[in-house]
Amino acid sequence: MLLNLFRFLMPRDDVFVPAFAAQAAKAVEAAQAFRNVLADAANAEAHHETLIRIEREADEVNRTTVGSIHRVFITPFDRGDILALTNGLDDIIDLMKTGSRRILLYRVPVMPPMLAMADCIVRACEQLRDGMPLLSDIAGNAARLAAVRDAVDAIESEADRALQAGLDEVFGGATTSPGHKLMVELVYEGIEAVADRCEDIVDLIHGIVIEQV
């Protein structure tokens, strides 16, 4: 409580929330490119290159934010949480790049559940983008931040259901080879990892809200 009061009274350099917002906006761009890798096979390589460019731009924001953690005297909340949040947002895009590489490497047929999961990722990233500015007033926006968390949790559950449907289709009677089934499973796991990381981010934000309110 005293630390929160001290942070409130002391002047501070509010560079972090705009940086989080910028990272989350890049995550939306990356999610759209990631979905395009799946949806537009003829131009998948070009969409992957777009994703790589976005990932590099997001990395620059992440590096600047990490540097600011050591430069700024008064931070809006715990430095460890700031580091976890900026690195978590960075991870989302890194996982998209990894998943995109798997798609290009294995060249398995794109299944409807894969696209459904990619759509979920776009929506989850949009929720994160819209939620990041709310961190400028955590106490005042606690209810809205909780709504963002609930929305991302629901989207992640939707992605899980699509994943299960896809795996059931692959392993529930298809006469393809074990090697093919493994490659399809790895592609699904790569997509799932992105959705899971989005949920991790809102869980982290929930912990920050609990500490601040």
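Visitor: Let's start with α5 and α6: at roughly what angle do their axes cross?
Guide: This is a predicted model, where local features need pLDDT of at least 70, side-chain atom pairs count only at pLDDT 80 or more, and totals for chains, interfaces and linings use all residues. Residues are numbered from 1 along each chain as its sequence is written, and side-chain values use heavy atoms, with hydrogens and water left out. Helices are DSSP runs (H or I, at least four residues; strands are E, at least two), numbered from the N terminus, and axes are lines fitted to C-alpha atoms, for helices over the stretch in contact, with angles from 0 to 180 degrees between N-to-C directions. For α5 (residues 112-131) and α6 (residues 142-171), the axes come within 9 Å and cross at roughly 170°.

Visitor: And which word describes how α5 and α6 run to each other?
Guide: Under 35 degrees counts as roughly parallel, over 145 as roughly antiparallel, 65 to 115 as roughly perpendicular and the rest as oblique. With axes crossing at roughly 170°, α5 and α6 are therefore roughly antiparallel.

Visitor: How many nonpolar residues does the contact of α5 with α6 have?
Guide: Contact means heavy atoms within 4.5 Å; on the α5 side it includes P113, M117 and C120, and on the α6 side L145, V148 and I155 are among the partners. For the classes, Ala, Val, Leu, Ile, Met, Phe, Trp, Tyr, Cys and Pro count as nonpolar, Asp, Glu, Lys and Arg as charged, and the others, Gly among them, as polar. This contact has 3 charged residues, 3 polar ones, and a nonpolar count of 13.

Visitor: Within what distance do the axes of α2 and α5 come?
Guide: α2 and α5 have axes that cross at roughly 170°, which makes α2 roughly antiparallel to α5. The axes come within 8 Å.

Visitor: How many charged residues are in the contact of α2 with α5?
Guide: Among the residues that meet here are A27, A31, F34 and R35 in α2, and D119, I121, C125 and E126 in α5. By class, the contact divides into 15 nonpolar and 1 polar, with a charged count of 4.

Visitor: Which cysteine does M96 contact?
Guide: Leave aside the neighbours of M96 within four places in sequence, and its contacts include A27, F34, L51, I121 and V194.

Visitor: What separates the C-alpha atoms of M132 and F20?
Guide: M132 lies in the loop between α5 and α6, and at a relative accessible area of 0% it is buried (under 20%; exposed is over 50%, partly exposed in between, with a 1.4 Å probe and protein chains only). Not counting residues up to four places away in sequence, M132 touches V17, F20, L89 and I205, among others. M132 and F20 sit 112 residues apart along the chain, yet the C-alpha separation is 6.1 Å.

Visitor: How many disulfides does the structure hold?
Guide: A disulfide is a pair of cysteine sulfur atoms within 2.5 Å. The sulfur of C198 is 4.1 Å from the closest cysteine sulfur, in C125, which is too far for a bond. The disulfide count is 0.

Visitor: Then how far is C120 from the nearest cysteine sulfur?
Guide: C120 is buried, at 1% relative accessibility. The nearest cysteine sulfur, that of C198, is away by 10 Å.

Visitor: What is phi of R107 near?
Guide: R107 is found in the loop between α4 and α5 and is exposed, with a relative accessible area of 60%. Phi is positive here in a residue other than glycine, near 50°.

Visitor: Is D40 buried, exposed or partly exposed?
Guide: D40 is found in the loop between α2 and α3. At 25% relative accessibility, D40 counts as partly exposed.
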